[in-house]
Amino acid sequence: MSVQFLNARAVRLHPGDDVAVALVDLAPGSAVTAGGARVVTRASIPAGHKLAVEAVEVGRSVRRYSQVIGVATQPISAGDHVHTHNLAMADVAVEYDLGSAYRPTVGAGTPATFEAIVRSDGRIATRNYLAVLSTVNCSATVARMIADRVQATSDVSGRSSFDGVVALTHGTGCGMGSTGEGIDLLRRTLAGFASHPNFGGVLLVGLGCEANQVADIVDIHGLADSDRFRTLNIQDVGGTSACVEAGSKIVESMMASATDVQRQPVPVSHLKLGLQCGGSDGYSGITANPALGAAADILVRHGGTAILSETPEIYGAEHLLTSRAATPEIARALLDRISWWEDYTARNHGTMDNNPSPGNKAGGLTTILEKSLGAVAKSGTSGLMGVYGYGEQIDTPGFVFMDSPGYDPVSVTGQVASGANIVCFTTGRGSAYGCVPAPSLKLSTTTALFERQRDDIDINCGAVLDSGVSVEEMGERIFAEILRVASGARTKSEALGYGHNEFAPWVVGAVM
């Protein structure tokens with residue numbers, strides 16, 4: 001991105017844009033120059049919000065990023081505040097380009113490395129936990145009892161490569177069909193976590209009579225009892241106390257091998273990076289998201305994998321991804337997911353434009369089209385190499401897409417189930433998040449947010465606005481921090497203890 005921000009009061013991102021974005025609060029009557037246009041504000045324009053640089057008639061489309069973000073619902077004059085009172089969602093007719101912008105990735109000259117934990121079977125980990133997973137909400141309390149007991153009674157002093165014993169529980173697993181889409185997603189998610197390299201050992205705990213049977217998860221996904229994976233049912237072992245006792249002994253038996261590890265250098269090609277944005281604002285598509293996209297491109301050049309998700313938050317910008325698809329089939333697979341979501345929201349009496357959230361709107365975003373165009377920026381420019389279902393194991397390196405809701409905990413849960421071993425999460429409003437077992441780096445869109453929430457934010461991308469740092473340089477800083485965290489450095493969310501309660505499998509279908 002070649003736009004210069006330093007000392008500017010507003011920025012017009014493309015010469016054809018009808019709007020500029022205020023970089024500071026603008027009072028009525030403020031003279032502003034942005035991208036060759038000079039306007040005088042006719043109203044107060046909050047920082048991060050849009051001001052018109054051209055007059056727009058009712059019904060005419062409004063552009064930002066050189067893309068349509070909505071239609072004018074009232075006459076708009078140059079200098080007006082452009083937001084929900086005069087801009088609304090538009091139906092944009094798009095003729096999809098299937099791959100014309102695809103370019104094969106040119107690899108990095110000298111492959112980078114990071115310090116990883118190498119499992120006995122060769123799998124690569126960035127963290128080292130023991131986990132107790134619940135099949136159903138009915139076994140959640142027992143799972144937590146087991147994890148808490150082992151964590152409290154085990155001596156792990158001096159074992160710096162061990163990250164602890166965790167219980168990952170959820171609110172579903174029964175009151176649902178024992179076959180079909182909903183339980184398939186849940187089983188796939190649990191199996192993905194059970195086999196994640198960041199766990200040195202896993203105990204899966206069921207009740208015994210639930211729809212989501214332990215045996216079905218094991219059989220369908222090819223899991224088997226071993227020194228690092230075991231199962232229990234509360235009813236089979238004699239109730240709560242007996243299950244806590246038996247489960248604690250099992251997890252304790254995994255402790256020695258799980259903690260007897262050391263880090264060693266491995267190629268960056270073993271990294272799978274989940275790309276997320278949450279609590280977005282008007283700056284997300286200007287600073288943090290494109291900077292993360294630059295970091296994702298670097299990762300891909302080193303042979304790593306970058307995973308974009310949140311299908312409702314690429315809606316209206318999917319054409320920018322289909323044009324980068326390596327094959328027409330990959331592009332069509334993405335469009336099939338968009339069609340599924342249109343049907344899904346319709347049958348649940350919703351629409352795809354139920355976004356942005358109140359916080360997004362307060363930060364300057366008006367329509368889902370505008371939000372999606374900014375969100376796609378975190379995918380970088382690499383070719384799209386694959387499209388995966390929620391929680392499906394990602395086996396293709398490079399830039400890929402995994403279908404998920406836009407709700408961040410659900411989306412990241414799916415990415416981790418798919419194999420993500422580190423996450424970068426951009427925010428403009430101040431989302432607080434962690435995702436055990438994968439470390440989560442938080443990136444702020446502005447320096448003001450970074451200063452306000454220093455204990456939550458790892459990287460300040462606001463330096464693109466106020467310190468003259470280019471998007472490309474910020475991407476290099478993010479990539480360096482990804483390697484540092486993947487090598488064991490703690491993120492802010494890890495230091496605060498986030499990630500235990502954020503496990504949130506996607507619930508699809510009726511609760512009965």
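Q: What share of the contacts in the chain with a separation of 6 or more comes from residues 24 or more positions apart?
A: In this predicted model, such residues account for 71% of those contacts.

Q: How many aromatic pairs does the structure hold?
A: There are 9.

Q: Why is the pair of phenylalanine 193 and phenylalanine 503 called edge-to-face?
A: Two rings pair if their centres lie within 6.5 Å, and planes over 60 degrees apart count as edge-to-face. The centres of these two rings are 4.7 Å apart and their planes are at 70°, so the pair is edge-to-face.

Q: What makes this a link between distant parts of the chain?
A: Phenylalanine 193 is in helix α2, while phenylalanine 503 is in the segment after α15, 310 residues apart.

Q: Why are phenylalanine 193 and phenylalanine 503 called buried?
A: Buried means under 20% relative accessible area. Phenylalanine 193 has 1%, so it is buried. Phenylalanine 503 has 7%, so it is buried too.

Q: What makes tryptophan 340 and tryptophan 506 an edge-to-face pair?
A: Their ring centres are 5.7 Å apart, against a limit of 6.5 Å. Their planes are at 80°, so the pair is edge-to-face. Tryptophan 340 lies in helix α8 and tryptophan 506 in the segment after α15, so the pair ties together parts that are 166 residues apart in sequence. Both tryptophan 340 and tryptophan 506 are buried.

Q: Which residues form one aromatic cluster with Trp340 and Trp506?
A: Trp341, Tyr344 and Tyr390 form the cluster with them.

Q: How do you know that lysine 442 is within the distance limit for a charge over the ring of phenylalanine 425?
A: The limit is 6 Å from the ring centre. Lysine 442 lies over the face of phenylalanine 425 at 4.5 Å from that centre.

Q: How does the reach of helix α14 compare with the expected value?
A: Helix α14 has 16 residues, and 22 Å is expected at 1.5 Å a residue. From its first C-alpha to its last, α14 reaches 22 Å, close to that value. Its buried residues include Met474, Ile478 and Ile482. After α14 comes glycine 488, whose phi is positive, near 120°.

Conventions. Residues are numbered from 1 along each chain as its sequence is written. This is a predicted model: local features need pLDDT of at least 70, side-chain atom pairs count only at pLDDT 80 or more; totals for chains, interfaces and linings use all residues. Side-chain values use heavy atoms; hydrogens and water are left out. Rings of Phe, Tyr and Trp (its six-membered ring) pair if their centres lie within 6.5 Å; planes under 30 degrees apart count as stacked, over 60 as edge-to-face and the rest as tilted. Helices (H or I, at least four residues) and strands (E, at least two) are DSSP runs, numbered from the N terminus. Buried means under 20% relative accessible area, exposed over 50%, partly exposed in between (1.4 Å probe, protein chains only). A charge sits over a ring if NZ of Lys or CZ of Arg is within 6 Å of the ring centre and within 35 degrees of the ring normal. The expected span of a helix is 1.5 Å times one less than its number of residues. Contact means heavy atoms within 4.5 Å.
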